[in-house]
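This briefing sets out selected structural features of the protein chain displayed below.

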Amino acid sequence: MLKAIQEGKPVWIAEGEKDVDALCESGVTATCNAGGAGKWTSHHAKHLSGADVVITRDEDKAGVRHQEIVAHSLEEVAKSVRLVAPAAGNDATDHLAAGFSVDDFVPVDVGGHEQGLNEENANRHSQGFGSAAKSATMSGSPDSWYESRPAGLFHVRERAGRDGEVEVTSTLLSNFTAQIVASTEIDDGAEVERRLDIEATVAGRKRTASIPASEFTRMDWVIPKLGPDAIIQAGARIKDHARAAIQAVSEPAEVRVMRQTGWRQVDGQWLYLHSSGAIGANGPVDDIEVNLPRTLAKYTLPEPGGTDAVRASLDMLDVAPDRIMLPLLAAVVRAPLGGVDMAIALTGQTGIGKSELAALAQQHYGPQMDARSLPASWSSTANSLEEQGFLTADALLTVDDFVTAGSSRDADRLHATADRLIRGAGNGSGRGRMEKDGNLRAARPTRGMVLVTGEEVPRGQSLRARMMLLNVRRGDVDWQALSIAQQHAAEGTFAAALSTYVGWLAPRLDVVCDRRNADIATLRGKVSSQHRRTATSIASLAWGWKTWLEFAVQNGSITDAQHDGYWERGWEALLAAAEAADAAVGETDPARRFVTLLGSAMASGRAHVASRDGGYPSNEPGAWGWRSHNGVMIEMGHRVGWTDGDNLWLNPDASYEAARTAGDGLTLSAEELRSRLADAGLLQSTDPKGRSTTVRVRLEGGQRRVLHMRAASLDECDSGAVSPLSRAVSPRDSTRQHCDTTLSRNESTSELGKQPQDEGESAESARSVHVTDTFHDPWRSEGLEEAEAGSERSYAPAHGGSAVTGGSPSSSLMEVGQ
């Protein structure tokens, strides 16, 4: 044997002396250990230092195990090791006796799968008598290691027996083999998640799985990912050993991918990420991998385009009036500049082209996102939308079709979702979350520009102040111009323009963003707006528009003269948008909404205001919730206050309740509302010592603590633009029709509370019924029905006539002087 080693001839190792004799007779050098299978030790191995070794085996479980033990002991000893199996029979003797030569032994491959075995031996190996390649599938310490065999994963241990010889045991861990082929870091800009890509063989079938690294150690992923045929054996610590075995036999590739759009700095250079890669100062960057969720996979930018692409994007302005298209295009080009703290809302009736206009804007970020494939919808959950808003950094995210349907709870849920998404964008803050260990996770706020489309607008004054409302009316869209723009969008022209834009921004992004706050502050000082957020939003869009025009000039797409024209055009459109935004915010101001709803309550007969002494007001009693019937003035609903001249004193609790039940939009508490009334300057006077928003006034013979307002406040709060979403109409304008009108003389007092019949109905009474119906008031007859019982209070008419007494304490009858 030593001579063969010196001469470089292979040395064969068999299981027993009979096989050694047969091999030697065939002309090769062969040896074995004493005692047969399982008796090989490291002492035997050291004699084969530097040898080329061929290890054959007996085709039984002990023989397979013996071959593996010998091979393992020679890992750092022999020059080379080759594993073979007989082509026929159970051992080397049977192989040679069958007429095969030493060259006909079947190699055992590195994965433990035998090739060319006879049917008998193949059946044996299919039952688990496999082997493992020494270098690829065995790992561990010298006396304990893991192996991947055809039958599954094994834990192999070697220890000294009582007689000093080595004993080797193999424990089956699983009936499947598995290895980690890739370890992937996923970076979304806030957190880095590691995922493991696993390839497994279960019952002869290949399976793949991708799981978070945090879930790997528990091994709970096996059945969900590999199926019920994948079995981890029962027993103490078997699952831990199975996990260790997979790691031990794996050599995973290290991969890093990005999971966001927008800017990331890589090797000191700014790159703009999209689903197909990244764009830098010199165009597309190939070695950046981006993996966005399926819903955002269409955020794909082509190679930068030329000046024609930029001009085509500017031509999009021809599709609709500047009050719509200029803020919309400004939002598109503002998004890549970062630091967005607002949203855009395209509102209007169905079928007028809102989604089509939104798609033109959205297709700057990917030509496939047309009107039927916008990236997000309000039918998604709040968590889903929040995650999409976070991942679409420095980009436009259209959330389509905001319209309430179903129950009031469904509507409230939709508005709450909008509040969460848009407020997160406006505040730059996300919902707080906790790790499983109790530590705070990184916030995930909306990081781009949100574009909302819908027939309605998310409610709330604070929320609307964070949105730029663009109302699309019937006839606004030039359908021929829209068709041309849609063709450019579908061909990727708009996306190519944006690619050119971000490529221009990349080398100068630090400079541009460093001046962002100062430039916006300067522009904000030129915007006259009632709400600070509105002025900031207009200035922010204007800065984005200014930056885009600067790019277009340097790119050669427009001339300096054209730049000035586009700037003036944009600034004028944005200032007009500021006026519209102020009106929209005013409609949802809680203080003004309270006054509007209170007027609605009086107009619909649910509340009334009396004169200082408790009678009907002499000045337009119909406007204060009183009705004339057969020459008698009737107070409608609950008394919420008193008036005298331009003074209006409101019972704080009664007026709050009347307004709250008159319509939507009053969500503040009574105490918070009183503070808002004071802040809005709607209170005529307050406690001189500043301890309360109410004052003490003598009314109806007693001291009362009331809110003191000007009676003209009702007119002033309704003189602005009325939102198409508001259910209330101007109470003063509507209720003036009630003044000094009388019902038909043919209608008897006993019929009080019933609607007048067509026959004999006066024009005045018909108008009264019509105005009441305007508010869709289901209780419009309640006040009359209560009055039918009469009033127990008696008042002297303010301008003559005799007093009338009656029953209900909540209503009184007074005869109007003729």
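Glu386 and Arg420 join their side chains in a salt bridge, with an N to O distance of 3.0 Å. This pair connects distant parts of the chain, since Glu386 belongs to helix H13 (residues 382-391) and Arg420 to helix H14 (residues 408-427), 34 residues apart. The model is a predicted one.

**Salt bridges**

- Side chains of opposite charge can pair when their charged atoms come close.
- Within the pair described above, Glu386 counts as buried because its relative accessibility is 12%, under the 20% limit.
- Arg710 and Asp646 form a salt bridge in which the closest N and O atoms are 3.3 Å apart.
- This pair also links distant parts of the chain: Arg710 is in strand S30 (residues 702-710), while Asp646 is in the loop between S26 and strand S27 (647-650), 64 residues apart.
- Arg710 is partly exposed at 26% relative accessibility, and Asp646 is partly exposed at 38%.
- Salt bridges with shared partners connect Glu185, Asp187, Arg194, Glu254, Arg256 and Arg264 in one network.
- A salt bridge of 2.8 Å (N to O) brings together the side chains of Arg57 and Glu59.
- Arg57 is buried, with 1% relative accessibility, and Glu59 is buried as well, with a relative accessible area of 3%.
- The count of salt bridges comes to 29.

- Thr643 is located in strand S26 (residues 638-644).
- The relative accessible area of Thr643 is 7%, so this residue is classed as buried, the limit being 20%.
- Apart from neighbours within four places in sequence, the contacts of Thr643 are Val609, Ala610, Ser611, Arg612, Pro617, Trp624, Leu648, Trp649 and Ala711.

- Val527 is found in the loop between helix H19 (516-524) and helix H20 (532-555).
- With a relative accessibility of 10%, Val527 counts as buried.
- When residues up to four places away in sequence are set aside, Val527 touches Ala535, Ile538, Trp571, Leu575 and Ala578.
- A distance of 9.3 Å separates the C-alpha atom of Val527 from that of Leu574, which is 47 residues away along the chain.

**An open sheet and a helix across it**

- An open sheet is built from 5 strands in the order S2-S1-S3-S4-S5, with mixed pairing.
- Its edges are strand S2 (29-31) and strand S5 (106-107), each of which pairs on one side only.
- Strand S1 (residues 11-13) runs parallel to S2 and is joined to S2 by 3 bridges.
- Thr31 in S2 is the bridge partner of Ile13.
- Helix H4 (residues 61-73) lies across S1, strand S3 (52-55) and strand S4 (80-85), and runs at about 175° to S4.

**The chain as a whole**

- The secondary structure of the protein chain comprises 28 helices and 31 strands.
- The protein chain has 818 residues, of which 52% count as buried.
- Of the contacts in the protein chain with a separation of 6 or more, 64% are between residues 24 or more positions apart.

Note on methods:
Residues are numbered from 1 along each chain as its sequence is written. This is a predicted model: local features need pLDDT of at least 70, side-chain atom pairs count only at pLDDT 80 or more; totals for chains, interfaces and linings use all residues. Side-chain values use heavy atoms; hydrogens and water are left out. Two strands pair if DSSP finds at least two bridges between them. Helices (H or I, at least four residues) and strands (E, at least two) are DSSP runs, numbered from the N terminus. Contact means heavy atoms within 4.5 Å. Axes are lines fitted to C-alpha atoms, for helices over the stretch in contact, and angles run from 0 to 180 degrees between N-to-C directions. Buried means under 20% relative accessible area, exposed over 50%, partly exposed in between (1.4 Å probe, protein chains only). A salt bridge is a side-chain nitrogen of Lys or Arg within 4 Å of a carboxyl oxygen of Asp or Glu.
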